[in-house]
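Let's walk through this structure together, from its sheet to its helix, its core and the contact between its chains. Please keep the 3D view open as you read.

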Amino acid sequence: MLYIVLGLSAGQALADSVIVSLDVKAQAINKNFLLAAFAMRITRWPDGRPIRVFVLPDRHPLHQRFVKQRLQVFPYQLRNNWDRQVFTGTGAFPVTVDNMEEMYRMVSQTEGSIGYIADSVKLSPEKVRVVDEF
Amino acid sequence: MNFKHLTTLLFMGISTYSAGIYASDSENHNLSVNGFLTQGFFYTDQNNLYGESSDNGSFDFHEIAVNSAYRFTPKLRGALQIMSRQAGNVDNGELKLDYALLDYRFNDSVEKAVGVRAGRLKIPFGFYNETRDVAFTRPSIMLPQSLYFDQARDLELSIDGVILYSSLEVPGGWLDLDLLYGSPQTDTNVEYAYFAFDAPGKLNDSDGVMGRAIYSVDGGRIRVGLTGSEYRLGYKPGNDPTLWNELNEGDLKLNVLALSGQYNAENWSLTGEYMLHELDWRELGGVFTLNPVTTIESYYLQLQYRFNYSWDLLLRYDDLKLDKDDPLGKQNSALLNNARPAHNFYAKDLTLGVGWRPAPKWLFRAELHNVEGTGWLAEQDNPDASVLRKYWNAFSLQATYRF
């Protein structure tokens, strides 16, 4: 597990990390899966369990950066997707957390969860796992 | 299969279940409760829009909704929304079941998500129809009325039936598909919209199919949509066949084809939609023998500009021709001995709007409409077509709170 922590501090190219709860089996996540999961278009992990998505508020600088750099869409597009799904009964909102500490805590405590965090936050490999993207 | 009963059962089941869960476990990830309140104000220099707007303005417009969704199992969800909408004489504010559905998703991968929804469903037409009453999903206070006309809203709002849906990974992006079959809601407003009067009999026994495909490229930077539908509204005459406005027993047939396109950049979005809507009154006869089949042609082009998260601007041109072969309405007006003026058969609306989100839960909008023609004005708010004015302006304000 040590290499994950090391890899994290060395990974300057990607400003932020995708984190999942320890029970999530995926070691690496396809970019299309990442967008579909955060857009709440798909709702289950490949093993069939529900995906629990955590995000920071729309105006949070990390949210804006993560959505633009990693998901390669604009925050307003995600917001439009969520609103459209919730108010037609066809989908749900992700859970919005107030800050990175809460993000870290919620992802570590919720089964099947996914979120993101700035590389400046020191992570314990016993609590959350960083996943690579391909 | 009677879809109406299915919807009632679903409503009772889901609401009882959700209320129980909500009371016992408010931290539950499987349950959600959301809603919104919208209040509008409309002022017009001529003609009426959502109430008696041409006198001192009208506050006769609100939209209030509460919805709840529950995930029973990873594959099965239930959701419902109750809504009250007041809109001049078109909607009286009574509580309505907006949707109540069960959603079973067989397959849920990025390559292929497939599922079925049954119950009362929002109608997947174009880009905006499903959320037309939800202020913060609209680009403006009023949606472009040429495509999303408020008059026939009950027909366009929800349908009791089933939808087969899927989201497929395709080269360049993904494809969202919806295929719908069901019984549309047909009330008096629908008669106003398609007959221009409240006919003595009733529209009942209706059904329709609709299909929509939306291709999203590059994470939704480009979206292209195609919607097609065929509706059949059965008309049953009243008791007095001698009335001037009575019609034969038969079906009013509605066919719709709409093309949608959108480009999304960081600070701006360009959206356009084009619709052909064919009305076939041949079986109903009566006053419609004069013009038994007509095609409505509509389009709009809209530019949204986002200065930052809080402020946006909207510019739109919206064009409606109730008879595409008679763009100035002169022939249609003459057929009715000028009972309806020519400008009652088209409308050209130039809209300028501004939106402000001071906080995530609040949205305020202001909007100016400069309109030539009265084609989409509601008869219910303007009962005497002969006093309508061809050129008119509207100013509107809207406040929305969501939770």
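Two strands count as paired when DSSP finds at least two bridges between them. By that rule, β2(A) and strand β6 (residues 128-133) of chain A pair in the parallel sense, over two bridges. One thing to keep in mind from here on is that this is a predicted model.

**The sheet of chain A**

What is the order of the six strands in the open sheet of chain A? The order is β2-β6-β1-β5-β3-β4, and the pairing is mixed. At the edges stand β2 (28-29) and β4 (95-96) of chain A; each has a single partner strand, so one side of each is left without a neighbour in the sheet. Strand β1(A), by contrast, has five of its six residues buried, so it is largely enclosed by the rest of the structure. It runs antiparallel to β5(A), joined by five bridges, and also antiparallel to β6(A), joined by four bridges.

| Strands | Sense | Bridge partners |
|---|---|---|
| β2(A) and β6(A) | parallel | A:I29 and A:E133 |
| β1(A) and β5(A) | antiparallel | A:V18 and A:Y116 |
| β1(A) and β6(A) | antiparallel | A:S21 and A:V128 |

**Helix α3 of chain A**

Next, have a look at helix α3 (residues 61-71) of chain A, whose buried residues are A:L62, A:F66, A:V67 and A:L71. Why are they on the same side of α3(A)? They cover an arc of only 130 degrees around the axis, which puts them on the same side of the helix. An α-helix has 3.6 residues a turn, so residues three or four places apart point the same way. On the other side of α3(A), A:P61 and A:Q69 are exposed.

The buried residues of α3(A) pack against β1 (16-21), α2 (31-38), α4 (75-86), α5 (100-109) and β5 (113-118) of chain A. Just after the helix, A:Q72 takes a positive phi of about 55 degrees.

In soluble globular proteins, nonpolar side chains tend to be buried together. Here the largest nonpolar core has 110 residues, and those with the most contacts inside it are A:I19, A:A36, A:A37, A:F38, A:V53, A:V107 and B:L252. Helix α2(A) gives the largest share of this core, five residues. Setting aside neighbours within four places in sequence, A:F38 is in contact with A:V53, A:L71 and A:L78; A:L71 is also one of the buried residues of α3(A).

**Where the chains meet**

How many residues does each chain bring to the contact? There are 32 residues from chain B and 32 residues from chain A. On the side of chain B that touches chain A, the elements giving two or more residues are β1 (31-44), β2 (58-71), β3 (76-87), β4 (91-108), β5 (112-122) and β6 (158-170) of chain B. The largest share of that side, four residues, comes from β4(B). Its residues divide into twelve nonpolar, twelve polar and eight charged.

**Confidence in chain A**

Chain A has a mean pLDDT of 87, with 89% of its residues reaching 70 or more. Within chain A, confidence is highest in strand β3 (residues 52-55), at a mean of 97, and lowest in helix α1 (residues 2-10), at 41. Over residues 1-13 of chain A the pLDDT is below 50, and this stretch has nine contacts in the model beyond near neighbours in sequence.

Terms used. Residues numbered from 1 in each chain as written. Chains lettered and ligands numbered in written order. Predicted model: local features only at pLDDT ≥ 70, side-chain atom pairs only at ≥ 80, totals over all residues. Contact = placed C-beta atoms within 7 Å. Nonpolar A, V, L, I, M, F, W, Y, C, P; charged D, E, K, R; others polar. Buried ≥ 20, exposed ≤ 12 C-beta atoms within 10 Å, placed from the backbone. Arc of directions from axis to C-beta. Core = buried A, V, L, I, M, F, W, Y, C linked by C-beta atoms within 7 Å. pLDDT = per-residue confidence, 0-100.
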